[in-house]
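Me: I'm new to this one, could you walk me through it?
Reply: Gladly, here it is, and then ask away.

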Amino acid sequence: MQQKNEKTIYLSKIIGSVLKELREKVPNRSINNVAHEYGLDVGNTSRVENGLIEVKVVTLWKLAEAYNIPLSELIKLVEKKLPKGFHFFED
């Protein structure tokens with residue numbers, strides 16, 4: 001089982017905050033609406049938004065689709081919130 005470290009916890013929180021911001025930009029868009037419309041579990045969708053769990057790429061893709069943006073744009077939004085010294089891979 002993969003253990004969470006500080007970087008994965010931090011990244012999960014950033015991803016969640018970006019997703020929450022995107023959802024809140026769409027009028028009358030609740031977690032329940034998004035989850036049901038895109039075949040996602042409501043509880044897990046909430047945990048993703050709150051940065052409590054690591055999100056799968058397929059889930060990110062579905063959520064990006066829910067907010068009418070390409071997955072690549074979602075990743076760019078996440079990258080903009082990451083500090084300059086944050087790297088996905090250690091050298």
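Me: Which handedness does the crossing of α1 past α5 have?
Reply: α1 passes α5 in a right-handed crossing, where right-handed means that the near helix is turned clockwise from the far one by less than a right angle, and left-handed anticlockwise. Helices here are DSSP runs (H or I, at least four residues), numbered from the N terminus. This is a predicted model, in which local features need pLDDT of at least 70 and side-chain atom pairs count only at pLDDT 80 or more, while totals for chains, interfaces and linings use all residues. Residues are numbered from 1 along each chain as its sequence is written, and side-chain values use heavy atoms, with hydrogens and water left out.

Me: And what about α4 and α5, at what angle do their axes cross?
Reply: Roughly 100°, with the axes coming within 8 Å; the axes are lines fitted to C-alpha atoms over the stretch in contact, with angles from 0 to 180 degrees between N-to-C directions. That makes α4 roughly perpendicular to α5, a label for angles of 65 to 115 degrees.

Me: Which residues meet there?
Reply: Val57, Leu60, Trp61 and Ala64 of α4 meet Leu71, Leu74 and Ile75 of α5, contact being heavy atoms within 4.5 Å.

Me: Switching topic, how many residues has the largest nonpolar core?
Reply: It has 21 residues, and Leu19, Leu63, Tyr67, Leu74 and Val78 are those with the most contacts inside it. Such a core is a set of buried Ala, Val, Leu, Ile, Met, Phe, Trp, Tyr and Cys residues joined through side-chain atoms within 4.5 Å, and buried means under 20% relative accessible area (1.4 Å probe, protein chains only).

Me: Which helix gives the most to this core?
Reply: α1 does, with six residues.

Key:
Buried < 20%, exposed > 50% of the residue type's maximum accessible area, 1.4 Å probe, protein only. Helix = DSSP H or I, 4+ residues; strand = E, 2+ residues; numbered from the N terminus. Parallel < 35°, antiparallel > 145°, perpendicular 65-115°, else oblique.
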